[in-house]
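Subject: Structure for your review

Hello,

I am passing on the structure we discussed. My notes on what turned up in it follow below.

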Amino acid sequence: MGGGLGGLLACAGLSRAAEELVYPLDVVVDREGAIVVADRQLPGVLRLANGELQTLAVGSRRFREPLNAVWCVALDHAGRVLVGDSATRGVYRITAPGQFEKINTDYIGLPIRMAVDSQGRIYVSDLETQRIWRMPPEGGACEEFAIVAGVRGLAVDRQDRLWTVRANPPQLVRYQADGSREILLDAGPFDFPHQIALDPAGETAYVSDGGAHRCLWRVAAGTAPEKWRPGDPLVNPTGLAWQANELLIVDPRAGGILRAPPEGPLTWLIRSRGVPAEKP
């Protein structure tokens, strides 16, 4: 299968029985409130709505073919699903169930996370080239937004500022749209941060840490980071997304997606490989 800009790609194997999580890495909630999941070992993208898990896109089992190595998902300015794939060095847009197109015309090595601002501009954190790239809403040529190693988490706030998180100092940095930056946390406590999510008000940051801490951090303005959800059942929390007032947490090693309400314990939303969700 080829995959140039504007070239629709039929999703081979879509009709097979693939409606189960295998190794989820990232999550986003679409405009209808459904949960969209990037699954690295499916490989492909799944959508959970009304308790039913359906396949949006199944990638090739062959290396260097589309969606063989999916890492992240996001929504573009029109609510369409974007998928980062390192197998073909790029970002895809799902145009319909089972169909997707590659939208970047420049090289993106390992797109680990994505975020989209209010203008529709797409930010991509690339672990291979050690860059944050920015693309126009419909894709095309990539602009070098920042040269920075190891940025894994991205989030955009209401002022279109890009928040980034990484393991090495400075750990938490906020960028203006013009590329100027503000260090919010230099040598912080994060061991192996994966993703950052901002609360609906945009005032508090939550960071998933899959290292020795095995937790979620909460970072409110002007305060030190606190362990908000430490330990079990978290093993290696990665992707984060808000669904109403609950924070969804992807944990591939624990085996599924958990819900974090404002108060109280974590509960399972869905388990990997078809294991039913547990009751609270």
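This is a predicted model: local features need pLDDT of at least 70, side-chain atom pairs count only at pLDDT 80 or more; totals for chains, interfaces and linings use all residues.

Glu-128 is partly exposed, at 40% relative accessible area. Arg-89 sits in the loop between E7 and strand E8 (90–96), and Glu-128 in the loop between strand E11 (122–126) and E12, so the pair links distant parts of the chain, 39 residues apart. Arg-89 is partly exposed too, with a relative accessible area of 22%.

Salt bridges

Over the whole structure, the search finds 15 salt bridges. Some of them share partners: Asp-76, Arg-80, Arg-93, Glu-101 and Glu-138 are joined in this way into one network. Within that group, the side chains of Glu-138 and Arg-80 meet in a salt bridge with an N to O distance of 3.2 Å. Glu-138 belongs to the loop between strand E12 (131–135) and strand E13 (143–147), while Arg-80 belongs to the loop between strand E6 (70–75) and strand E7 (81–85), so the bridge ties together parts that are 58 residues apart in sequence. Both ends are partly exposed: the relative accessible area is 42% for Glu-138 and 28% for Arg-80.

A further salt bridge is formed by the side chains of Asp-30 and Arg-47, at 2.8 Å from N to O. Here a loop is tied to a strand 17 residues away in sequence, because Asp-30 lies between strand E2 (24–29) and strand E3 (35–39) and Arg-47 lies in strand E4 (residues 44–49). Which side of the burial cut-off do these two residues fall on, buried or exposed? Asp-30 has 13% relative accessibility and counts as buried; Arg-47, at 18%, counts as buried as well. The cut-off for buried is under 20%. The side chain of Asp-30 has another partner besides Arg-47: it reaches the backbone nitrogen of Glu-32 at 2.9 Å.

Cysteines

How many disulfides does a search of the whole structure find? The count is zero. For Cys-72, the closest cysteine sulfur is that of Cys-142, 13 Å away, which is too far for a bond. The cut-off for a disulfide is 2.5 Å between the sulfur atoms. Cys-72 is buried, at 0% relative accessibility, and Cys-142 is buried at 14%.

Largest pocket

The largest pocket holds about 920 Å³ of space. It is lined by 33 residues, and those closest to its centre are Val-28, Val-116, Ala-155, Val-156 and Leu-198. Several strands each supply at least two residues of the lining: E2, E6, strand E10 (111–116), strand E14 (153–156), strand E18 (193–198) and strand E22 (240–243). Sorted by class, the lining has 21 nonpolar residues, eight charged and four polar.

Regards

Notes:
Residues are numbered from 1 along each chain as its sequence is written. Side-chain values use heavy atoms; hydrogens and water are left out. A salt bridge is a side-chain nitrogen of Lys or Arg within 4 Å of a carboxyl oxygen of Asp or Glu. Helices (H or I, at least four residues) and strands (E, at least two) are DSSP runs, numbered from the N terminus. Buried means under 20% relative accessible area, exposed over 50%, partly exposed in between (1.4 Å probe, protein chains only). On a 1 Å grid over the protein atoms alone, a cavity is a set of points where a 1.4 Å probe fits but cannot get out, and a pocket is an open set with protein on both sides within 12 Å along at least five of seven lines; lining residues have an atom within 4 Å of a point. Grid points are joined across faces, edges and corners, and a volume is the space filled by probe spheres set on the points. Ala, Val, Leu, Ile, Met, Phe, Trp, Tyr, Cys and Pro count as nonpolar, Asp, Glu, Lys and Arg as charged, and the others, Gly among them, as polar. A polar contact is a pair of N or O atoms within 3.5 Å; within protein, one must be able to donate a hydrogen and the other to accept it, and residues adjacent in sequence count only if both atoms are side-chain atoms.
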